[in-house]
Structures are given as structure tokens and as C-alpha cells.
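Good morning, colleagues. Please have the sequence and the coordinates open while I speak.

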Amino acid sequence: MTASKKQALMKRIFAGSLIFYAFSGISSLLNYIFYPILARFVSVAEYGEIQFLVSMFTQLAVGFVVLNILAIVISGEIKSNQDQRLAIKSLNKVASIFVLCIVIIGSLILYGNQQALGFQDSTAIIALGVSLVISVPFTIEIGRLQGNNKFAASGLVSVIAALSKLIFSLIFVLLGFGVTGAIAGIGVGMIVTLCLLRIFDKQTSHPPNPVVSRKRSFAQLGFIKKRAIIAMVAISTVTFLSSADS
């Protein structure tokens with residue numbers, strides 16, 4: 001690679017990184033104002049439940065950083081468009097099964113301790129579980145964009161998702177759905193963002209969407225198994241240390 005090409009590449013990466021961090025800042029701001037805006041339209045008890053459930057969602061979503069890392073690795077290492085889509089779909093299937101198991105166990109635990117935790121709206125637990133499952137393809141899609149050096153696009157997606165979650169949560173709360181509406185709005189916001197991504201993706205030329213079985217999905221991801229374990233251990237440790245006091 002010539003010096004001029006290297007310089008052009010560095011400029012593109014630098015510009016993409018700046019745009020990505022700018023969008024990340026906007027996304028963080030939208031996530032921050034989620035609480036003060038909703039606080040104006042719910043009771044103190046409802047606000048406490050919303051804060052607890054959203055905080056739990058945020059803590060569990062931190063673990064999805066592993067999925068983000070794996071999606072980046074897959075997109076960075078597999079250059080063939082068809083092979084990359086196959087590996088990404090396999091990751092989605094395996095991760096969704098794993099997260100669904102965690103959601104079922106977690107939901108049962110929350111239901112069992114509902115009175116001790118003071119939950120007035122039990123359906124909010126279901127909304128939380130559904131939102132977590134929806135987070136799987138959303139997180140992987142962000143990683144796919146980053147792995148393909150589409151940093152500006154991934155940042156824009158994060159902003160759209162944060163704004164959508166805020167808008168839908170507020171709408172559902174104003175419609176009288178209370179805590180469940182606030183949590184369901186998070187899931188709906190991610191669904192809307194994913195639909196927009198799918199529409200945009202269809203506008204570009206791609207091979208037919210591959211169909212993969214569960215067994216083939218595990219086999220397809222064999223090359224990232226070691227990195228998945230390392231990332232899972234590292235992220236789990238950091239998450240535990242940062243939230244142990246809570």
C-alpha cells in the first residue's frame with residue numbers, strides 16, 4: 001500500500017471514528033434524559049419500578065458486549081458477503097437460544113420474589129424479558145456494521161434506537177400502560193430500528209438470506225469459540241465488579 005493510500009485510509013478511519021463518537025454522545029444523552037422525562041408522567045412507586053427494571057436491563061445488556069465483539073470479529077475476518085451473513089445468522093440463532101434460557105430463569109426468579117421487590121405490575125417482567133431477547137439481533141447488527149467499518153452508520157443506528165425507545169416508552173406511559181408501557185417501549189424502539197435496518201439492507205444487492213439449522217449454527221461458529229469464552233469471562237468479571245454494590 002502506497003503512502004498516499006495509507007494516508008487516505010487513516011483519514012477515513014479518523015473521520016469515521018469522530019462521527020461514531022459524536023453519535024455515541026448523542027445516544028448517551030438520549031439515554032440519560034429517559035428517566036427525568038418519564039418521571040414527570042408516572043407516580044413515585046411506578047418510577048421506582050421503572051428505574052429498577054431499566055437498570056436491570058442495562059446491566060444485563062452490558063453482557064451483550066460479548067455479542068458485539070463476536071459480530072465485529074466475524075465481519076472483520078469473513079470478507080465473503082454470503083459467508084458473513086451465514087455466520088451472523090448463526091450467531092443470532094445461538095445467542096437468542098442462550099439469552100432466551102436466561103430470560104426464562106430470570107423471569108421466574110422475579111415472579112417468585114415479586115412481593116418482596118414490591119412490583120405492582122407483573123406484566124412489566126414479561127416486557128423486560130422480551131426486550132432483552134430483542135436486544136440480541138440489535139446488538140449483533142451494531143457489531144456487523146462496526147466490523148465492516150461502517151462506524152457512522154452504527155452510531156446513527158444507536159441514536160435512532162435511543163430516540164425510538166424514549167418516544168415509544170413515553171407514548172405508552174401517556175396511554176396509561178404505566179411500568180409495562182415504559183419497558184415495552186424499549187423493545188418496540190429496537191424493533192422499529194431493526195425494521196429500518198432491514199429496509200435499508202434490502203436496498204443493497206445481497207445473496208438470498210441463508211437458512212441454517214441449530215446444529216449447523218454451532219458448527220459455523222467454531223472458529224470464534226475461544227474468543228467467545230475469553231470475552232465472556234472478561235465482560236462478566238467487569239460487569240460483576242461494577243455492579244456488585246448494587
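Predicted model: local features only at pLDDT ≥ 70, side-chain atom pairs only at ≥ 80, totals over all residues.

Residues are numbered from 1 along each chain as its sequence is written, and side-chain values use heavy atoms, with hydrogens and water left out.

Let me begin with the fold. The secondary structure comprises eleven helices and zero strands, where helices (H or I, at least four residues) and strands (E, at least two) are DSSP runs numbered from the N terminus. Of the 246 residues, 39% count as buried; buried means under 20% relative accessible area, exposed over 50%, and partly exposed in between, with a 1.4 Å probe and protein chains only. A contact requires heavy atoms within 4.5 Å. Among contacts between residues at least 6 apart in sequence, 78% join residues at least 24 apart.

I turn to helix α5, which spans residues 81–112. Gln-84 is found in this helix, and Gln-84 is buried, with a relative accessible area of 5%. What does Gln-84 touch, leaving aside its neighbours within four places in sequence? Its partners are Ile-74, Ser-75, Ile-78, Arg-144 and Asn-148. Not counting residues up to four places away in sequence, Ile-88 touches Ala-71, Ile-74, Ser-75, Ile-140 and Arg-144. Between Ile-88 and Ser-75 there are 8.1 Å from C-alpha to C-alpha, at a sequence separation of 13 residues.

Arg-144 brings us to helix α7, residues 123–147. The side chains of Glu-141 and Arg-144 meet in a salt bridge, at 2.4 Å from N to O. The criterion is a side-chain nitrogen of Lys or Arg within 4 Å of a carboxyl oxygen of Asp or Glu, and by this rule the count comes to one salt bridge. Because Glu-141 and Arg-144 are three residues apart in helix α7, about one helical turn separates them. Both residues are buried.

Ser-131 also has its place in helix α7. Is Ser-131 buried or exposed? At 2% relative accessibility, Ser-131 counts as buried. A polar atom of its side chain lies 2.9 Å from the backbone oxygen of Ala-127, and the backbone oxygen of Ile-183 lies 3.3 Å from a polar atom of the Ser-131 side chain. Beyond four places in sequence, Ser-131 is in contact with Phe-57, Ile-183, Ile-186, Gly-187 and Met-190.

Next, the surface. The accessible surface comes to about 14,000 Å², of which 69% belongs to carbon and sulfur atoms; areas come from the Shrake-Rupley method with a 1.4 Å probe, and for residues only the protein chains shown count as cover. Leu-163, Ile-167, Ile-171, Leu-175 and Phe-177 form a nonpolar surface patch with about 460 Å² of accessible area together. Patches are made of residues with over 30% relative accessible area and no salt bridge, with like charges joined within 9 Å and nonpolar side chains (Val, Leu, Ile, Met, Phe, Trp, Tyr) within 5 Å. Leu-163, located in helix α8 (residues 151–174), is partly exposed at 38%.

Finally, the cysteines. How many disulfides are counted? The count comes to zero, a disulfide being a pair of cysteine sulfur atoms within 2.5 Å. Cys-101 is partly exposed, with a relative accessible area of 43%, and Cys-195 is partly exposed with a value of 43%.

Conventions
Polar contact = N/O pair within 3.5 Å; in protein donor to acceptor, adjacent residues only side chain to side chain.
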